[in-house]
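Here is a walk through one protein model, written for someone who would rather look at it than read a table of coordinates. Keep the viewer open as you go.

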Amino acid sequence: MREWRLTKSKEYKLYTTNKDSEQIGERDIYFDPVLPDKPFVKVKLIKANLSCLDVAAFLGKGDFEYPIVPARSAVAYISESYDSDLEQGRKVFLSPYDIDSKGELKIRSYNANGYLGDYAYVPVDSVYPIPEGIKDDDALFVEDIAVAISVLSKLNVQKGEYVILQGASYQNILIAQVAIYYHAIAIIVDTNDERLEVAANLGVYYTINVNDSEMFEKIAEITSGKMVDKVICHIDINTNIESQISLIKNGGKIALYGYDITCKNIRTDITPLFNKNLEIIGIHEGMANIHSAINLLANGVVKTDGLIEYTTPFINILEIMKASVGKINYYKSTITFE
């Protein structure tokens, strides 16, 4: 059993439960695994997700307590079921959410250890069975789809409403797909035609390049002059929401969502918020909607083709973290344990 720990900013160390000094690598450090204080299972990791929070922790940006194990969510097999009713070998999704003994929500890779190890002991209430037919790569998006449901639910998006999303990030593309499933009209705007093409290939009908001099006119045409009802801003890729505010009708709602809850870089002129009587909502988790997210995947409602940019072997964590520094991650980065 091995796991990577971020012991301080920009320093990873590899820990192992192997006591055989001849088999411990030059950089390995022995550790005794800490077992959860509630019913748990042992899992063998297949793939894990990295997020912008892992990059923030690597750079020392935010109130992280080191050491910490990165990777907020993962896909795994049940290795030992112990007292649970999950059979050995069952494929499962490992949630980033953990409720501690005080009833407080902990986010893995932020204020609780993540899944960057070949095996892990995981509380049963963080383990979700994956139906047959869902591919490993698709299962990595369960939390993202759950967050999409949360965003649309908090905004109370209704049939026939117009929703605009700034940036063709993988998360915005997933939200657009779920919005379309709810019979809303999703519009994604971006500066990059290749990202917009990915969105279009995944079923997003309205995609507009923000460099288009007629963007405003096109959105007015799509909405029959009414402008959009709801604006969705992905804070992991955006630093300004003024352009979105200009496109929303009076009395509309704006959702700010994302995983980087250390984010402090959103800037905007708030005057239009008052003039248009707008409501702002913040969302950073989708715990209540994980089962629904798995059902959407199982029923083929949401597609994820082309939304993973990097897949890196477990042992090469430092390489992918260095490559992520200073980069806006529009697509997902994953770790494989095979």
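## A look around the model

The residues lining the largest cavity split into four nonpolar, three polar and four charged. Before going further, bear in mind that this is a predicted model.

So who sits around that cavity? The lining is made up of Asn49, Leu50, Ser51, Arg72, Ser73, Leu140, Glu143, Asp144, Tyr170, Tyr259 and Lys332. The space inside comes to about 40 Å³, and the count of cavities of 30 Å³ or more is one.

The largest pocket is another matter, with a volume of about 870 Å³. It has 35 lining residues, and Val34, Arg108, Ala112, Asn113 and Tyr121 are the closest to its centre. Which strand gives the most to this lining? That would be E9, with five residues. Strand E1 (2-8), strand E7 (97-99) and strand E9 (119-123) each supply at least two. Sorted by class, the pocket lining holds 19 nonpolar, five polar and eleven charged residues.

### The six-stranded sheet

Now find the open sheet of six strands, which runs in the order E13-E12-E11-E14-E15-E16 with parallel pairing. Strand E13 (206-209) and strand E16 (279-283) are at the edges with a single partner strand each, so one side of each has no neighbour in the sheet. On average, neighbouring strands here are turned by 20° against each other, direction ignored.

Zoom in on one pair: strand E15 (residues 248-257) and E16 are joined in the parallel sense over five bridges. For a landmark, look for Lys253, which stands opposite Glu279 in E16.

Two helices go with this sheet. Helix H3 (residues 142-155) lies across strand E14 (228-234), E15 and E16, and runs at about 150° to E15. Helix H4 (residues 170-181) packs on the sheet too, where it touches strand E11 (162-166), strand E12 (185-190), E14 and E15. The direction of H4 makes about 160° with that of E12.

Two packed helices are described by the angle between their axes and the distance between the axes. Here are two pairs laid out that way.

| Helix pair | Axes come within | Crossing angle |
|---|---|---|
| H1 (residues 52-59) and H10 (residues 317-324) | 10 Å | roughly 95° |
| H3 and H9 (residues 290-298) | 8 Å | roughly 110° |

H1 and H10 are therefore roughly perpendicular to each other. In this contact, Asp54, Val55 and Phe58 of H1 meet Leu318, Met321, Lys322 and Ser324 of H10. By class, that contact has four nonpolar, one polar and two charged residues.

H3, the helix that lies across E14, E15 and E16, comes back in the second pair. H3 and H9 are likewise roughly perpendicular to each other. Val142, Ile145, Ala146 and Ile149 from H3 meet Ile290, Ser292, Ala293, Ile294, Leu296 and Leu297 from H9. What kinds of residues make up the contact of H3 with H9? Nine are nonpolar, one is polar and none is charged.

### The three-stranded sheet

There is also an open sheet of three strands, in the order E1-E2-E3, and its pairing is mixed. E1 and strand E3 (28-30) are the edge strands, each pairing on one side only. The twist from one strand to the next averages 45°.

E2 and E3 pair in the parallel sense over three bridges. Here the landmark is Thr16, which stands opposite Tyr30 in E3.

Most residues other than glycine have a negative phi, and most peptide bonds are trans. Two spots in this model are worth checking with that in mind.

One is Lys10, with a phi near 65°, a positive value in a residue other than glycine. Lys10 sits in the loop between E1 and strand E2 (11-16).

The other is the cis peptide bond that joins Tyr66 and Pro67, where omega is about 0°. You'll find Pro67 in the loop between H1 and strand E5 (73-80).

Technical notes. Residues numbered from 1 in each chain as written. Predicted model: local features only at pLDDT ≥ 70, side-chain atom pairs only at ≥ 80, totals over all residues. Heavy atoms only, no water. Pairing = 2+ DSSP bridges. Helix = DSSP H or I, 4+ residues; strand = E, 2+ residues; numbered from the N terminus. Axes fitted to C-alpha atoms, helices over the stretch in contact; angles between N-to-C directions. Contact = heavy atoms within 4.5 Å. Parallel < 35°, antiparallel > 145°, perpendicular 65-115°, else oblique. Nonpolar A, V, L, I, M, F, W, Y, C, P; charged D, E, K, R; others polar. 1 Å grid on protein atoms, 1.4 Å probe; cavity = no way out; pocket = protein on both sides within 12 Å on 5 of 7 lines; lining within 4 Å. Points joined across faces, edges and corners; volume = space filled by probe spheres on them.
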